[in-house]
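Take a moment with the sequence and the model below. The text then walks through one part after another.

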Amino acid sequence: MEKILNQEKLREWVDMLDDCEVYAPAFADSVWNYARIEAGTDIDLSHTNTIGSVKEFVFPQREVFFRFEKKDGVPVLTSTLPDPKPTVVFGVRPCDGRGMPRNDTVFNKEFEDPYYWARRNKLTLVGLACNQPHSPNCFCQSVGGSPHSEDGLDILMTDLGDRFHVKGITVKGVEAMERGRDAFDAVRDGDQTEVEKVHDTSRSFPQRPLDNLDAIPKAIRESFDSPLWADMAQHCIGCGICTFLCPTCHCFDINDEVISPTTGEGERVRTWDNCQFPDFTMHTSGHNPRADLGSRLRQRVSHKFLYFVENHNTQQCTGCGRCITECPVGIDIVAVLERVSQ
Amino acid sequence: MVNVEEIRDYAASLLEKEEVKAVLGFRRGSASAFAEPCTITEVGEAASLVWDPTCLNNLALYLVKDRKQQAVAKTPDNRPVGIVAKGCDSRAVGVLLQENFFKREDVVVIGVSCEGTGVVDSNKLSDKLKGKTASRITFSGADDINVSVYGDETETVIPAQEILADRCLECRAATPTLHDVVFGDTVEARDFNEPFHAAKEAESASEDERWATWEHHFDRCLRCFACRAVCPMCYCHECVVDSTTFVVTLGTSAEEKANRIRWCERSANTSESAVYHLTRAIHLAGRCIDCGECERVCPVNIPLRLLNTKLEKEAFEMFEYQAGHDIEQASLLSSFRDEDPNSFIR
């Protein structure tokens, strides 16, 4: 389904989704991030990219698996499987959209994760094509994506200045558009040409190049023992920014959080974990197979550009550039891949 | 004006004369318009050093990292290290010396005066550009900073005072007090903000307002621990908020490891993140030299500096103590004077 939506009708459409939780980018605390939208008037799609990615909607940083307590000396478990309201997220950049099928693979291939899918099945992603890269660190095209990629999105909107071209891609997407009813206009002659022109222009902007993407896995494998990794991680501080903000990083830890030791009440909780933290690989013996930051940088890059390619035939990186832009010391995954490939 | 050539020449001569094994400095990077840290070990690399208001990092962190690495190295290289340091960074070196992390002769401080300006605050810049990226930041003199916005051909001129970091606006010692050499003019008189201006302003809110503000911020914390990781004073091998025992020896019993007390759960929620940030702030009381790194690196922009400067304000008002200003002075928490206030003893 393809429709035209005038800029001022966007609010109307959002208001008609009143039985859903609607999220859209908002600029607060000096940064764009997704925020709950109470009314259509709150929507502002002038954003660059959000600091957090859409993975947070399906893989929240804290997921309670179940509650436990002791009743008459017997442990009792209570299910906490999420049952969220249908959720619509506006303003999703195509790089984040492309992250989603990668996450789906991880949470589906060997084991269908009920917590992930309970959220995923209720989630509708409304993408917004990037008419031009919003950061010099964008490299979606270098990893097989595009500024108007539909991959992983339910709807793709393209900004045509005074109006949006809106394309329903999935059943969920078409349903969300049908709910907008009269807010939409039919596509007229010339609209299609204009969309193509905007898309063509958006692809013409220079992006950070990755020469010979197919040769990267081999290059990484061959440089496993290279001193380059330690050199490139020389100024790494070992924080979790790169992976926590990444739209495809999905490693987690599971802990029991005891609320009351007397009643034995507590929760089993899944939280994000991070290959850059020392306890990620630390053994009980005290031995840590990835004791230094070089080996942890190698792991992050290898997972995305070697192991994931071997296991799932695609990179686990969609070129959003967050890990580059937000790194406090300028570690740049594109530069890292360039050096490894040399 | 600081002549960057002088810094390069000095760094090169230190390396040439083998007075240091490396010089920590700034260079242009590929990731952003801000300078990135570098460690140069060859004379020829000195030419890549830069100096301008985009040199944000406190490089003292890497002195700490080096010491830690040498401590476990099979053949430790304990030769001195040179460090390019702003006024605040030099105070970090000062605190590390006070705490005997290394000795004075282990470090050559290449002081650089901020000359009455300071460094650009990336959050203030983001506010000005509404999240857009600066592709180039240049300093045109004492008053203005020129910013080229990515994807936009125009250059924006922003009055320096509007985008300099709060710590720079409040700075009392823009010229490194601890140094082996200083480049740039000594500028003491500053007419930006009074010391602790931002902390005082935050204090003036009501208790309810303050709690609402911090609840909002702690709730947003991702617990990426970048604030802790970037802090040169957070050098503990094992942190109270870590969920794992890191310092494990052959003598550590299984019980000890299994029964590690969790003061702070891994969950990033308001209560746990409050415990983390408040604990960290308390552990830095009388030690924080206000380099603002914790606040700069925060990906969700929690104003962490306010917590630390609040405690430094207490240290200053109650004990006339300023962290890192005098390396001969005993550190705040390990010293006692007869005139110290003791109203808390009843």
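This is a predicted model: local features need pLDDT of at least 70, side-chain atom pairs count only at pLDDT 80 or more; totals for chains, interfaces and linings use all residues.

**A sheet, a helix and an interface**

Eight strands of chain A form an open sheet with mixed pairing, in the order 3-2-6-7-8-9-1-10. Its edge strands are strand 3 (31-37) and strand 10 (184-186) of chain A, and each pairs on one side only. On average, neighbouring strands of the sheet are turned by 30° against each other, direction ignored.

Now look inside the sheet. Strand 7 (residues 123-128) and strand 8 (residues 155-159) of chain A run parallel and are joined by three bridges. Here Leu128(A) stands opposite Met157(A) of strand 8. Helix 5 (residues 171-179) of chain A packs on this sheet. Among the strands that helix 5 touches are strand 1 (2-6), strand 6 (87-92) and strand 9 (163-168) of chain A. The direction of helix 5 makes about 135° with that of strand 9.

Move to chain B and its helix 13 (residues 304-319). This helix has 16 residues and reaches 23 Å from its first C-alpha to its last, close to the 22 Å expected. Its buried residues include Leu304(B), Leu307(B) and Glu312(B). The buried residues of helix 13 pack against helix 6 (166-169), helix 7 (197-203), helix 9, helix 11 (270-283) and helix 12 (293-297) of chain B. Just after helix 13, Glu320(B) takes a positive phi of about 50°.

Last, see where the chains meet. In chain B, 43 residues are in contact with 45 residues of chain A. Strand 2 (35-40), helix 2 (60-72), helix 4 (122-129) and helix 9 (226-230) of chain B each give two or more residues to this side. The residues on this side of chain B divide into 17 nonpolar, 18 polar and eight charged.

Key:
Residues are numbered from 1 along each chain as its sequence is written. Chains are lettered from A and ligands numbered from 1 in the order in which they are written. Two residues are in contact if their C-beta atoms, placed from the backbone, lie within 7 Å. Helices (H or I, at least four residues) and strands (E, at least two) are DSSP runs, numbered from the N terminus. Ala, Val, Leu, Ile, Met, Phe, Trp, Tyr, Cys and Pro count as nonpolar, Asp, Glu, Lys and Arg as charged, and the others, Gly among them, as polar. The expected span of a helix is 1.5 Å times one less than its number of residues. A residue is buried if 20 or more other C-beta atoms lie within 10 Å of its own, exposed if 12 or fewer, and partly exposed in between; C-beta atoms are placed from the backbone. Two strands pair if DSSP finds at least two bridges between them. Axes are lines fitted to C-alpha atoms, for helices over the stretch in contact, and angles run from 0 to 180 degrees between N-to-C directions.
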